[in-house]
Amino acid sequence: MDHILSIVNGFEAVGIKAYLDEWRSYDCLKGHTATLFIGQQQVEGIVEGIDDNGFLLIKRSDGSIQAFASGEVSFNASIL
């Protein structure tokens, strides 16, 4: 618990930028198909990781990449 609290305190002090490289090194969902639900809207695509603000990046079928700050994400159960 002390370890978790020190990480949370550090995050509050320096923000996400100090943790981006580590997050990206552990990102096991990058490259997998996902569906993002935002209210009634569904966005389907390939997870491309997170941007420098921590937003989820999804590559759409047209090749465009969009960043999302919130929503509910559903992944294929075989990757979990």
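Predicted model: local features only at pLDDT ≥ 70, side-chain atom pairs only at ≥ 80, totals over all residues.

Me: Which residues make up the largest nonpolar core?

Reply: In soluble globular proteins, nonpolar side chains tend to be buried together. Here the largest nonpolar core has seven residues, namely A34, L36, V43, V47, L56, I58 and F68, and the elements that give two or more residues to this core are strand 1 (33–38), strand 2 (41–50) and strand 3 (56–59).

Me: Leaving aside neighbours within four places in sequence, what is V43 in contact with?

Reply: With those neighbours set aside, V43 touches A34, L36, I58 and F68, and its contacts also include T35, R60 and Q66.

Me: In which sense do strand 1 and strand 2 pair, and which residue stands opposite T35 in strand 2?

Reply: Strand 1 and strand 2 are antiparallel, with six bridges between them, and T35 faces E44 in strand 2. Two residues lie between the strands in this hairpin, where G39 adopts a positive phi near 60°. Strand 1 also pairs with strand 5 (residues 72–75), again in the antiparallel sense, over four bridges, and in strand 5 the residue opposite T35 is S74.

Me: Which residues make the nonpolar surface patch, and why does V8 count as partly exposed?

Reply: M1, I4, L5 and V8 form a nonpolar surface patch of about 420 Å². V8, which belongs to helix 1 (residues 2–14), counts as partly exposed because its relative accessibility is 40%, a value to be read against cut-offs of under 20% for buried and over 50% for exposed.

How values were computed
Residues numbered from 1 in each chain as written. Heavy atoms only, no water. Core = buried A, V, L, I, M, F, W, Y, C linked by side-chain atoms within 4.5 Å. Buried < 20%, exposed > 50% of the residue type's maximum accessible area, 1.4 Å probe, protein only. Contact = heavy atoms within 4.5 Å. Pairing = 2+ DSSP bridges. Patch = residues over 30% accessible without salt bridge, like charges linked within 9 Å, V, L, I, M, F, W, Y side chains within 5 Å. Areas by Shrake-Rupley, 256 points an atom, 1.4 Å probe, with all protein chains shown as cover. Salt bridge = Lys/Arg side-chain N within 4 Å of Asp/Glu carboxyl O.
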